[in-house]
Amino acid sequence: MSIQFKALPTEAVRALQQGGPDAYGRTPEHRISDGDGVPCRHCMKNVAAGEGYLIVAYRPFPELQPYAETGPIFLHAEECERAAEAEALPEMLGGSDYIVRGYGMDDRIVYGTGAVTPTRDIAARAETLLARDDIAYIHVRSARNNCYQCRIERA
């Protein structure tokens with residue numbers, strides 16, 4: 001089975017980069033990167049030292065419901081190109097491990113699918129989960145802070 005790592009939609013990112021409100025109705029916070037641990041969820045690359053970035057509250061779900069987690073993410077402050085949907089692990093996933101968790105068509109966690117997964121095993125874990133009929137898509141989240149990283153879907 002082929003999978004695709006999916007970055008945030010450009011339309012939503014551009015609105016935030018232009019000062020639009022985040023999931024909590026707040027203006028994005030501006031910071032300057034020290035080059036360490038600032039992954040942009042749009043280009044799926046790390047924000048380089050000296051570059052500006054935004055911190056925003058993001059909810060990667062279409063509507064509010066009990067499983068619609070909202071949390072902090074980083075984005076380049078300036079426009080960046082959206083990462084192509086690809087089977088290859090995004091550059092920004094440079095940590096040692098992540099939470100890989102399946103969601104159903106109803107955008108709710110499918111219990112028993114979440115697991116802290118070594119980075120090298122993310123693609124294989126995603127393929128295993130997406131082989132199941134009850135899994136519509138997967139989130140990759142930080143194992144340390146539970147921050148949303150990206151989505152994985154069937155290609």
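User: What is the strand order in the open sheet of five strands?
Analyst: In this predicted model, local features need pLDDT of at least 70 and side-chain atom pairs count only at pLDDT 80 or more, while totals for chains, interfaces and linings use all residues. Residues are numbered from 1 along each chain as its sequence is written, and side-chain values use heavy atoms, leaving out hydrogens and water. Strands (DSSP runs of E, at least two residues, numbered from the N terminus) pair here in antiparallel fashion, a pair needing at least two DSSP bridges. The order is β1-β8-β7-β5-β6.

User: Which are the edge strands?
Analyst: An edge strand here pairs on one side only.

User: How much does the twist average from one strand to the next?
Analyst: Axes are lines fitted to C-alpha atoms, and angles run from 0 to 180 degrees between N-to-C directions. From each strand to the next, the average twist is 30°.

User: Which residue in β8 stands opposite phenylalanine 5?
Analyst: β1 and β8 (residues 148-154) run antiparallel and are joined by four bridges. Glutamine 4 faces glutamate 153 in β8. Opposite phenylalanine 5 stands isoleucine 152.

User: Why is β8 largely enclosed by the rest of the structure?
Analyst: Buried means under 20% relative accessible area, with a 1.4 Å probe and protein chains only. β8 is largely enclosed because, of its seven residues, the number buried is five.

User: How many disulfides does the structure hold?
Analyst: A disulfide needs two cysteine sulfur atoms within 2.5 Å. Cysteine 40 has its closest cysteine sulfur in cysteine 80, which at 3.8 Å is too far for a bond. Cysteine 150 is in no disulfide either, as its nearest cysteine sulfur, that of cysteine 40, is 12 Å away. The total is zero.

User: Is cysteine 150 buried or exposed?
Analyst: Cysteine 40 has a relative accessible area of 0%, so that residue is buried. Cysteine 150 likewise has a relative accessible area of 0%. By that value, cysteine 150 is buried.

Terms used. Buried < 20%, exposed > 50% of the residue type's maximum accessible area, 1.4 Å probe, protein only.
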